[in-house]
Each structure stands twice: as C-alpha cells, then as structure tokens.
Amino acid sequence: MAVNIKDIVRTIPDYPKPGIMFRDITTLLGNAQAFRRAVDELVQPWAGSKIDKVAGIEARGFILGGAVAHQLSAGFVPIRKKGKLPHETVRIAYSLEYGIDEMEMHKDAIAPGEKVILVDDLIATGGTAEAAVKLMQDIGAQVVAACFVIDLPELGGKAKVEALGVPVRTLMEFEGH
Ligand code: AMP
C-alpha cells in the first residue's frame, strides 16, 4: 500500500520552546518511499515544464530543493543565513518572532527572467518565504511557484506569498503553531 506521508511526519511538542508543535520531517526524509513520494508530489504540477532554477531555503529547503531540482532537470540555488556565501550577494531583512534576521543569495545565481520554484519544508507565518520571493523578484527572477511539504494554515503564510503573485503548493496541513 502507498505510504501516507502525513503519518510519517513526527511531531515534537514544546520544541524549541513551550507551545510550539515542531513538525519534524527527518522521519519523512529517512523513509525512502515517503521521501520519493513527497518530492514527486511537490513537482507534479511542473513536470514537463521548463524550470530554470529551484531555490531552497537553509537548511531543510536544501534537502528537498536539491531533490526537486534534480527531478525537474533544473539548477539549484541556496538561499542562506547572512555571511555564509563566499561570492557577491544580495540580501534582505525579515522579521522573526523575536527580532529580525537577514538572508542572502549570490547575485549571479539567477539571471533576469529565469523561471524559479522556491522550496522549503514548512510554511508558518510566511515571513521567511515572503522575504525569499522578494529577494528573487528584486533581481528579476520569475518566481513561478513556492512549494512546501507542510502548511500551518492558522498562521496565514500562504496568503502572504500569494499576494506577491506566486502560487503556493503544499502537501498537508497541521493545526496550530
Ligand atoms: P515562517 O517564516 O513563520 O513561515 O517560518 C517558516 C520557517 O520556520 C521554515 O523554515 C520552517 O522550517 C520553520 N518552522 C516554523 N514553524 C515550524 C514548526 N512548527 N515546525 C517545524 N518548523 C517550523
């Protein structure tokens, strides 16, 4: 029987702090059938279309994004926490629950007009994905979609990304934070 990938995501209550239900995808990544299935489902709407690049958000977005890029015969672009990339970068600040952080990518990683899909494991408030989309749009990328394994719909992240003109694909939802 086919695996139900939602059953394979592990939930850790009160991690990293009280009140957060941490949705741990390492159990999904470690299950060969579930990992393949999640990657296949993430790319399914774009199978056969020409995608130039897949951008993954550090760090879990690298694992999924690398697999998605391979599947679509696209290049892979890492979006990283500031100070990690060696060449010239473009940078954007975004809000976290407490304070702000910055993410960056190599300036020459995406050429103007290239079609890009953004990948991360989970969308919560959408702040991280929104910043990543803006960063890519600012350098002229055509962001055709943002894909996440998990959506936390109560936090409204999907609408934030869709407001930038980018359709959002998610494979499952969990209640709460
Ligand atoms: P946000 O910017 O609020 O959409 O947060 C998204 C980022 O935080 C993603 O990179 C997720 O990996 C991580 N994240 C937020 N909430 C959770 C959660 N409940 N379980 C696991 N990861 C989370």
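Helices (H or I, at least four residues) and strands (E, at least two) are DSSP runs, numbered from the N terminus. With those labels in hand, let us walk through the structure together. This is a predicted model, in which local features need pLDDT of at least 70 and side-chain atom pairs count only at pLDDT 80 or more, while totals for chains, interfaces and linings use all residues. Residues are numbered from 1 along each chain as its sequence is written, and side-chain values use heavy atoms, with hydrogens and water left out.

Now look at what E3 pairs with. Two strands pair if DSSP finds at least two bridges between them. E3 and E4 run parallel and share 5 bridges, with lysine 53 of E3 partnered by glycine 75 in E4. Valine 54 stands opposite phenylalanine 76 in E4, and it also stands opposite isoleucine 117 in E7.

To follow the chain from E3 to E4, trace helix H4, residues 60–72: the three elements make a right-handed β-α-β unit. Right-handed here says that, with the strands pointing away from the viewer, the path from the first strand over the helix to the second runs clockwise. In the loop between E3 and H4 is alanine 59, joined to glutamate 58 by a cis peptide bond with omega of about -5°. In the loop between H4 and E4 is serine 73, whose phi is near 50°, a positive value in a residue other than glycine. At 63% relative accessibility, serine 73 counts as exposed.

Most residues other than glycine have a negative phi, and most peptide bonds are trans.

Moving on to E4 and its other neighbour, E4 and E6 pair in the antiparallel sense over 2 bridges, and lysine 81 has methionine 103 of E6 as its bridge partner. E6 also joins E5, in an antiparallel arrangement of 7 bridges in which valine 90 stands opposite methionine 105. E5 and E6 form a hairpin with 4 residues between them, and glycine 99 in the turn has a positive phi of about 85°. E5 has a covered face, made of Val90, Ile92 and Tyr94, and an uncovered one, made of Thr89, Arg91, Ala93 and Ser95.

Rolling a probe the size of a water molecule over the atoms shows where empty space is left. On a 1 Å grid over the protein atoms alone, a pocket is an open set of points where a 1.4 Å probe fits, with protein on both sides within 12 Å along at least five of seven lines, and lining residues have an atom within 4 Å of a point. The largest pocket has a volume of about 1100 Å³, a volume being the space filled by probe spheres set on the grid points, which are joined across faces, edges and corners. Its lining has 35 residues, and Arg60, Leu96, Leu122, Ala124 and Thr128 lie nearest the centre. Strands E2, E4, E5, E6 and E7 and helix H5 each supply at least two lining residues, with the largest share, 4 residues, coming from E7. By class, the lining has 18 nonpolar residues (Ala, Val, Leu, Ile, Met, Phe, Trp, Tyr, Cys and Pro), 11 charged (Asp, Glu, Lys and Arg) and 6 polar (the others, Gly among them).

Technical notes. Buried means under 20% relative accessible area, exposed over 50%, partly exposed in between (1.4 Å probe, protein chains only).
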